[in-house]
Amino acid sequence: MDEDPFKLSLSNFLAKETQDPLQAPPTFSKWVRDSGRASELYEPQMLSTADARTTIEYDGKPQSVINLCSYNYLGLANHPDVVAAAHDGLREYGVGACGAPMLSGMTDLHRELERAVAEFLGREDAMLFNSGFGGALGTISGLLRKSDVAILDNRSHLSLRDGAILSRCRTEKFEHNDPASLDVALSRHQGRRRLVILEGIYSMDGDFGNLKELMDIAQSHGASVFVDEAHSMLACGENGRGAAEKFGVEDRIPLIYGTFSKAFGALGGFVAGSRETIQYLRFYAHPYVYSCALPPVVVAAILKALEIGRRQTELRKQLWENAEYFHSQLRSLEIDTGSSTTYIMPIVIGDRGRLYQVGHELRRRGLWVAPVDYPAVPLNRVCFRACVTAKHTRADLDEALNILADTLAPAALKSA
Ligand SMILES: Cc1ncc(COP(=O)(O)O)c(C=O)c1O
């Protein structure tokens, strides 16, 4: 095995090494050992809420950190009214739904949330999934058939790609956000049912999907479009109806998909659309049919989060103000944030060894950002992902910037 563990990545351990598929490849286990402290940056234990400042375990001890990791974009995960609603839901319904929605896991609270989501998005109906991942996977695999073609942006989330693979349809990729590349991909499959799969905000790059232009191309080919609004729902658009609202293309999207795990601060996914399509999907989306429904306590929290997210538009305003401030400051430090234009910002390091060394330094200094390694991003774009929220104060952001400046950009600081 190569001596330098940073020359290997997760893409290297997919070959069969043993006769037993239940045994991890020995080279993988050795690689994890050889990588020393790199793996300690993953799966950190939070010792408190996912607030703008929180406490995580680091080096075996509690460490106070500025949290640029959690998707708690509007601060709803620990909003007192959301927590109170969860308490009420818990008291009334207990913990679990204790069954899949089709047979036994549906409560009146679930129905209320379905109606609330449908009404919020101006659709006839909505259905809930117990995870965003399952929602995307179930929707794509539940609607596409073997003779169809899924045409995905090459930065698509794995839930979307896995959904296409599960449907056994043909899959095609096009260059990220590139209308010309999409045009070529669509032309290759004329005469077949084609679904173009886009995202409102790309979760690693933090840029918006080029929705308008890509939809024009899809429409010119008679292809349908699906938009994953996981990171954009409730946090984008004047009323929180996602990137589609922001770019004025809601009417062109028959089916809206989002998650409750980001701006809603909870867990789960949903899809909203016409009554007929949702009814069909309820029978064909396996993660819906064959998996336990969301716990009612979570549904109660989401209902309150939706109400607050709709009403308190100032939360969205604050989120975007914070994102713009942080962007402008990172730019002035000459820190590479790629194509990000949102509250999700990659801080590109581009060297795997340095990523982990700097990662430890940042944790030690009290800044919590997530390392994103190859193959989740290209090798020369390995990065930290920073997520700004509405709840970060200017002092939080300035302190985070100071830590980043000290750790990453001493040259920029000296010249300031
Ligand atoms: C674009 C995108 N879609 C779907 C998901 C899955 O959502 P969840 O975490 O709610 O399962 C994610 C998760 O981060 C995502 O980034």
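A search of the whole structure, which is a predicted model, finds 2 cavities of 30 Å³ or more. On a 1 Å grid over the protein atoms alone, a cavity is a set of points where a 1.4 Å probe fits but cannot get out, whereas a pocket is an open set with protein on both sides within 12 Å along at least five of seven lines; lining residues have an atom within 4 Å of a point. A volume is the space filled by probe spheres set on the points, with grid points joined across faces, edges and corners.

The largest cavity has a volume of about 90 Å³. Its lining comprises 13 residues, of which Pro101, Leu128, Tyr288, Ala293 and Leu294 lie nearest its centre. Helix 4 (108–121), strand 3 (125–129) and helix 11 (286–289) each supply at least two residues of this lining; helices (H or I, at least four residues) and strands (E, at least two) are DSSP runs, numbered from the N terminus. By class, the lining has 9 nonpolar, 3 polar and 1 charged residues, where Ala, Val, Leu, Ile, Met, Phe, Trp, Tyr, Cys and Pro count as nonpolar, Asp, Glu, Lys and Arg as charged, and the others, Gly among them, as polar. The second largest cavity holds about 50 Å³ of space, and its lining divides into 2 nonpolar, 6 polar and 2 charged residues. Among the residues that line the second largest cavity are Asn67, Ser70 and Lys391.

The largest pocket has a volume of about 1,300 Å³. Of the 49 residues that line this pocket, Met204, Pro371, Val372, Asp373 and Ala376 lie nearest its centre. The elements that each supply at least two lining residues include helix 1 (26–34), helix 14 (352–365) and strand 12 (370–372).

Helix 5 (residues 132–143) spans 17 Å from its first C-alpha to its last, close to the 16 Å expected at 1.5 Å a residue, the expected span being 1.5 Å times one less than the number of residues. Because 10 of its 12 residues are buried, helix 5 is largely enclosed by the rest of the structure; buried means under 20% relative accessible area (1.4 Å probe, protein chains only). Serine 131 caps the N-terminal end of helix 5, with a side-chain oxygen 3.3 Å from the backbone nitrogen of phenylalanine 133.

Residues are numbered from 1 along each chain as its sequence is written. Side-chain values use heavy atoms, without hydrogens and water; local features need pLDDT of at least 70, side-chain atom pairs count only at pLDDT 80 or more, and totals for chains, interfaces and linings use all residues.

Technical notes
Buried means under 20% relative accessible area, exposed over 50%, partly exposed in between (1.4 Å probe, protein chains only). A polar contact is a pair of N or O atoms within 3.5 Å; within protein, one must be able to donate a hydrogen and the other to accept it, and residues adjacent in sequence count only if both atoms are side-chain atoms.
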